[in-house]
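Open the model in your viewer and keep the selection panel at hand. We will go from the whole chain to single residues.

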Amino acid sequence: MSDATIIEQPHDAGFGDYVALLKPRVMSLVVFTALVGLAVAPVGLHPMVAFSAILFIAIGAGASGALNMWWDADIDAVMRRTSKRPVPSGRVAPDEALALGLALSGFAVVMLGLATNLVAAGLLAFTIFFYAVVYTMWLKRWTPQNIVIGGAAGAFPPMIGWAAATGGISVESILMFALIFMWTPPHFWALALFMRSDYDDAGVPMLTVTHGRRLTRAHILVYTLLLAPLALGIAATSIGGPVFFAVALALNAWFVVGAVRIWRRDEAMAEADNFAVEKGFFRFSLLYLFAHFGALLVDAGLRSSGAL
Amino acid sequence: MAIRATHELHKRRLSRNVGVAGLLVAMIAVFFGLTVAKVSTTGAVEGFDHVVRPSLLEVSE
């Protein structure tokens with residue numbers, strides 16, 4: 001044993017490990033959708049207040065990510081995709097993850113309330129509670145519908161952004177919520193179809209494990225068919241515009257085609273081309289969400305510039 | 001004589017310390033910016049301290 005191994009502390013994390021605890025990739029999606037929710041709202045905010053609101057929403061999302069990693073360290077250690085996370089790899093102690101998550105949650109909610117209003121702060125607090133407690137602690141290990149209900153947590157950010165600007169809830173913000181809410185199941189079930197051994201090993205009741213892959217393919221199709229009219233419905237509200245309508249029409253048509261292709265395949269066909277269709281559908285689902293919210297942003301820009 | 005050997009551990013600690021320092025500075029900047037934004041959008045503030053405030057006087061016709 002060298003001297004170095006004696007002083008080596010298992011919990012001596014670098015700064016990056018704490019950043020990783022906040023799930024920066026999930027955070028980027030939260031920042032983007034919250035920004036769109038705030039930007040398309042009919043009420044203008046001071047740029048500094050708007051920036052702060054997005055920042056505090058992002059911190060709140062990161063806090064719930066840290067709480068999730070604290071609770072799920074045992075499953076994360078088993079799954080290949082997540083075994084390198086700070087807590088299962090031993091770089092950050094579980095207690096530290098819990099403390100960071102709780103402290104940042106309180107900070108984010110209080111600061112969002114002070115910067116904007118109590119409706120936005122209340123929605124953020126509920127989102128953190130929903131993701132950390134309802135999804136992570138309760139539903140994820142209990143029901144194969146975990147993805148469906150857990151998706152609600154990821155769907156709240158545009159609503160929070162909208163509430164930060166307007167101080168309320170409306171058809172527009174509920175439809176933006178519904179878009180992400182209905183998009184999440186097909187997105188994650190496509191992932192589960194080609195990352196299957198991971199969830200099996202961890203004992204998380206994914207639909208692929210509990211009800212079979214045939215039924216999962218059918219579920220993807222049903223949710224995609226329900227998603228399309230919701231997405232097109234946004235075009236009819238005050239935040240919709242020609243750009244959004246064109247983008248939504250094209251993307252939803254392609255998304256439904258992809259879901260039908262997934263539904264018509266069986267496992268032998270999927271194994272034969274190494275899940276090419278499922279992987280393609282998953283990648284496209286990311287573009288799908290970004291493009292819908294990007295189009296809302298473009299239409300908002302056109303409206304405020306007077307072009308519409 | 002001071003110990004000069006740097007272990008990988010020290011690098012990780014340094015990254016943490018620099019990171020926390022950066023966060024504190026950023027937080028101060030955000031709070032200050034937010035304060036300026038809030039105060040400047042609240043409308044004119046009456047600067048009558050320890051003197052008669054005309055707006056508080058009863059209207060006498």
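What percentage of the 308 residues in chain A are buried? The answer is 48%. Bear in mind throughout that this is a predicted model.

**Stop 1: the whole of chain A**

You will find 15 helices and zero strands. The radius of gyration is 20 Å, close to the 19 Å that the globule rule gives for 308 residues, so chain A is as compact as a globular protein of that length. Now consider contacts in chain A between residues at least 6 apart in sequence. Of these, 74% join residues at least 24 apart.

**Stop 2: the side facing chain B**

Bring chain B into view. Here 14 residues of chain A are in contact with 12 residues of chain B. Select residues 3–7, 15–21 and 47–71 of chain A, which are helix 1, helix 2 and helix 4. Each of these helices supplies at least two residues of the side that touches chain B. Which helix of chain A gives the most to this side? Helix 4 does, with four residues. Colour the chain A side by residue class: eight residues are nonpolar, four polar and two charged.

**Stop 3: the nonpolar core**

The largest nonpolar core has 100 residues. Pick out those with the most contacts inside this core: Leu38(A), Ala53(A), Ile57(A), Ala66(A), Leu112(A), Leu124(A) and Ile160(A). Centre on Leu112(A). Leaving aside neighbours within four places in sequence, Leu112(A) is in contact with Ala53(A), Phe56(A), Ile57(A), Ala120(A), Ala121(A) and Leu124(A).

**Stop 4: a helix pair**

Select residues 146–166 and 171–194 of chain A, helix 8 and helix 9. Their axes come within 7 Å and cross at roughly 150 degrees. The crossing of helix 8 and helix 9 of chain A is right-handed. Show side chains at the contact. From helix 8, the contact residues include Gly151(A), Ala155(A), Met159(A) and Trp162(A). From helix 9, they include Met176(A), Ile180(A), Thr184(A) and Phe188(A). The residues of this contact divide into 16 nonpolar, four polar and one charged.

**Stop 5: Ala202(A)**

Go to helix 10, residues 196–202 of chain A, and select Ala202(A). Is Ala202(A) buried or exposed? Ala202(A) counts as buried because 20 C-beta neighbours lie inside 10 Å. Not counting residues up to four places away in sequence, Ala202(A) touches Ile75(A), Val78(A) and Met79(A). Draw a distance from Ala202(A) to Ala163(A), 39 residues apart along the chain. Their C-alpha atoms are separated by 38 Å.

**Stop 6: positive phi in two loops**

Select Lys23(A), in the loop between helix 2 and helix 3 (24–39) of chain A. Lys23(A) is not a glycine, yet has a positive phi of about 50 degrees. Lys23(A) is partly exposed, with 19 other C-beta atoms within 10 Å.

Finish at Phe275(A), in the loop between helix 14 (267–272) and helix 15 (276–304) of chain A. Phi of Phe275(A) is positive too, near 60 degrees, in a residue other than glycine. Why is Phe275(A) classed as buried? Because 21 other C-beta atoms lie within 10 Å of Phe275(A), and the cut-off for buried is 20 or more.

Key
Residues are numbered from 1 along each chain as its sequence is written. Chains are lettered from A and ligands numbered from 1 in the order in which they are written. This is a predicted model: local features need pLDDT of at least 70, side-chain atom pairs count only at pLDDT 80 or more; totals for chains, interfaces and linings use all residues. The radius of gyration is taken over C-alpha atoms; the globule rule is 2.2 Å times the number of residues to the power 0.38. A residue is buried if 20 or more other C-beta atoms lie within 10 Å of its own, exposed if 12 or fewer, and partly exposed in between; C-beta atoms are placed from the backbone. Two residues are in contact if their C-beta atoms, placed from the backbone, lie within 7 Å. Ala, Val, Leu, Ile, Met, Phe, Trp, Tyr, Cys and Pro count as nonpolar, Asp, Glu, Lys and Arg as charged, and the others, Gly among them, as polar. A nonpolar core is a set of buried Ala, Val, Leu, Ile, Met, Phe, Trp, Tyr and Cys residues joined through C-beta atoms within 7 Å. Axes are lines fitted to C-alpha atoms, for helices over the stretch in contact, and angles run from 0 to 180 degrees between N-to-C directions. A crossing is left-handed if the near helix is turned anticlockwise from the far one by less than a right angle, and right-handed if clockwise.
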